[in-house]
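Open the model in your viewer and keep the sequence beside it. This tour moves from one selection to the next and says what to look for at each stop.

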Amino acid sequence: MNKIWIILVILSIFAFLIGWLELVSSTIVAILLVTTFIKGQLVIDYFMGLKDVEMKYRMIPIVWLGVIIFFVSLAYYMPL
């Protein structure tokens, strides 16, 4: 569990540094969205305890996370 926590902290620090250094581009945003999905997946599997549950029950939060990431990416990449 400590390894998962360390990975989550490293990914969060990475996202913070990208924002703090104002390194914004389409590629960076895509990378941040992927890392956000990975962080969400780690939380779902390890901290919500769904790693050893049937896939049909795990798919509910995974699909929800995917939908949210999709709409965030759509809002960012869609021209105003």
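Start with the whole chain. Of its 80 residues, 24% count as buried. This is a predicted model. The C-alpha atoms fill a box of roughly 40 × 30 × 15 Å along the principal axes.

**Stop 1: the helices**

Switch to a cartoon view. Which pattern does the chain follow along the sequence? Read in that direction, the pattern is α-α-α. The chain has three helices and zero strands. Colour residues 2-20 as α1 and residues 26-47 as α2. Then colour residues 55-77 as α3.

**Stop 2**

Two packed helices are described by the angle between their axes and the distance between the axes. Keep both in mind at the next two stops.

An angle over 145 degrees counts as roughly antiparallel, so α1 and α2 are roughly antiparallel to each other. In which hand does α1 pass α2? The crossing is left-handed.

**Stop 3: α2 against α3**

The axes of α2 and α3 come within 10 Å and cross at roughly 165 degrees. That angle makes α2 roughly antiparallel to α3. Here α2 passes α3 in a right-handed crossing.

**Stop 4: the loop between α1 and α2**

Select E22. This residue sits in the loop between α1 and α2. Check its backbone angles: phi is positive, at about 55 degrees, although E22 is not a glycine. Is E22 buried or exposed? E22 counts as exposed, because its relative accessibility is 66% and the cut-off for exposed is over 50%.

**Stop 5: the salt bridges**

Side chains of opposite charge can pair when their charged atoms come close. How many salt bridges does a search of the whole structure find? The search finds two.

Select R58 and D45 and show their side chains. They meet in a salt bridge, 2.7 Å from N to O. R58 lies in helix α3 and D45 in helix α2, so the pair ties together parts that are 13 residues apart in sequence. Both R58 and D45 are buried.

Now select K56 and E54. Their side chains also meet in a salt bridge, with 3.9 Å from N to O. K56 is exposed, with a relative accessible area of 53%.

**Stop 6: a nonpolar patch**

Select M55, M59, V63, V67, F70, F71, L74 and M78. These residues form a nonpolar patch on the surface. Together they have about 730 Å² of accessible area.

Pick L74 from this group. L74 belongs to helix α3. L74 counts as partly exposed because its relative accessibility is 37%, which falls between the 20% and 50% cut-offs.

**Stop 7: from I7 to Y57**

Go back to helix α1 and select I7, which is found there. I7 is partly exposed, with a relative accessible area of 37%. What separation do the C-alpha atoms of I7 and Y57 have? They are separated by 24 Å, and the two residues are 50 residues apart along the chain.

**Last look**

Note on methods. Residues numbered from 1 in each chain as written. Predicted model: local features only at pLDDT ≥ 70, side-chain atom pairs only at ≥ 80, totals over all residues. Heavy atoms only, no water. Patch = residues over 30% accessible without salt bridge, like charges linked within 9 Å, V, L, I, M, F, W, Y side chains within 5 Å. Areas by Shrake-Rupley, 256 points an atom, 1.4 Å probe, with all protein chains shown as cover. Salt bridge = Lys/Arg side-chain N within 4 Å of Asp/Glu carboxyl O. Helix = DSSP H or I, 4+ residues; strand = E, 2+ residues; numbered from the N terminus. Buried < 20%, exposed > 50% of the residue type's maximum accessible area, 1.4 Å probe, protein only. Axes fitted to C-alpha atoms, helices over the stretch in contact; angles between N-to-C directions. Parallel < 35°, antiparallel > 145°, perpendicular 65-115°, else oblique. Left-handed = near helix turned anticlockwise from the far one by under 90°.
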